[in-house]
Amino acid sequence: MRDLLSIRETPVEEIRRVLETAAAFKEILSRPVKKVPTLRGRSVITLFYESSTRTRTSFELAAKIMSAEAINITVAQSSVSKGESLKDTLRTLQALTADCIVIRHASSGAAHLAAQFSTGP
C-alpha cells in the first residue's frame, strides 16, 4: 500500500499489519535508547496546512526514532503564503527527493489530491 488516506479505504489485513507493527514499536519506546535503523537514509517531510502540535510532533518523533531525516515544513513560512498550490508544493518536495510526505490539510479531499500528484508515499 503506497498511501494511507482513509481507514475506510484500507483493507483489514493492512490495518492488522499496522497495528502489529505499532505493537513492536511500543516495545522500542520502553528502551533507554529509542532508536532503530528502520528508515535510515530516508526523508520524511511533515507538511501541515493547519496547526497541530500533537500530530505533527508524533510523526516527526516517529521518523526520528526510526532514523529518518525528519523535516517539518511550516506552511505559513513557505511559498504557500505567496500562493503556491498544493500540487506545486508537492512537486517541489518530490524534486528534492522526499521519500515520504505526511500531510494535514483542512480541505476535505486534499490528501487524495496529494496522492494523485505525488509518486511517493
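# Pockets and a parallel sheet

Student: How do the residues lining the second largest pocket divide into nonpolar, polar and charged?

Tutor: There are 5 nonpolar, 5 polar and 2 charged residues in that lining. Bear in mind that we're looking at a predicted model.

Student: Which residues line the second largest pocket, and what makes some of them charged?

Tutor: The lining consists of F48, Y49, E50, S51, S52, T53, R56, N72, I73, T74, V75 and A76. Asp, Glu, Lys and Arg count as charged, so E50 and R56 are the charged pair here.

Student: What makes a residue part of that lining?

Tutor: A lining residue has an atom within 4 Å of a pocket point. F48 and A76 are among the residues that line this pocket, so each has an atom within that cut-off. α2 and β2 (69-74) each supply at least two of the lining residues, and β2 gives the most, with 3.

Student: How many residues line the largest pocket, and which lie nearest its centre?

Tutor: Its lining has 49 residues, with L4, V18, F59, C100 and V102 nearest the centre. Two or more residues come from each of α1 (12-28), β1 (43-48), α2 (53-65), β3 (100-104) and α4 (110-117). α1 gives the most, with 9 residues. By type, the lining has 28 nonpolar, 13 polar and 8 charged residues.

Student: How do you know that β1 and β2 pair?

Tutor: Pairing takes at least two bridges. β1 and β2 are joined by 6 bridges, so they count as a pair, and they run parallel. Within this pairing, I45 stands opposite I71 in β2.

Student: What is the strand order in the sheet, and why are some called edge strands?

Tutor: The open sheet of 3 strands is ordered β2-β1-β3, with parallel pairing. β2 and β3 each pair on one side only, and that makes them the edge strands. From one strand to the next, the twist averages 20 degrees.

Student: Which strands does helix α3 lie across, and at about what angle to β1?

Tutor: Helix α3 (residues 86-95) lies across β1, β2 and β3, at about 165 degrees to β1.

Student: What pattern does the chain follow along the sequence, and why is it called as compact as a globular protein of its length?

Tutor: The pattern is α-β-α-β-α-β-α. The radius of gyration is 15 Å, close to the 14 Å from the globule rule for 121 residues, so the chain is as compact as a globular protein of that length. Along its principal axes, the C-alpha trace spans about 45 × 30 × 25 Å.

Notes: Residues numbered from 1 in each chain as written. Predicted model: local features only at pLDDT ≥ 70, side-chain atom pairs only at ≥ 80, totals over all residues. Heavy atoms only, no water. 1 Å grid on protein atoms, 1.4 Å probe; cavity = no way out; pocket = protein on both sides within 12 Å on 5 of 7 lines; lining within 4 Å. Helix = DSSP H or I, 4+ residues; strand = E, 2+ residues; numbered from the N terminus. Axes fitted to C-alpha atoms, helices over the stretch in contact; angles between N-to-C directions. Contact = heavy atoms within 4.5 Å. Rg over C-alpha atoms; globule rule 2.2 N^0.38 Å.
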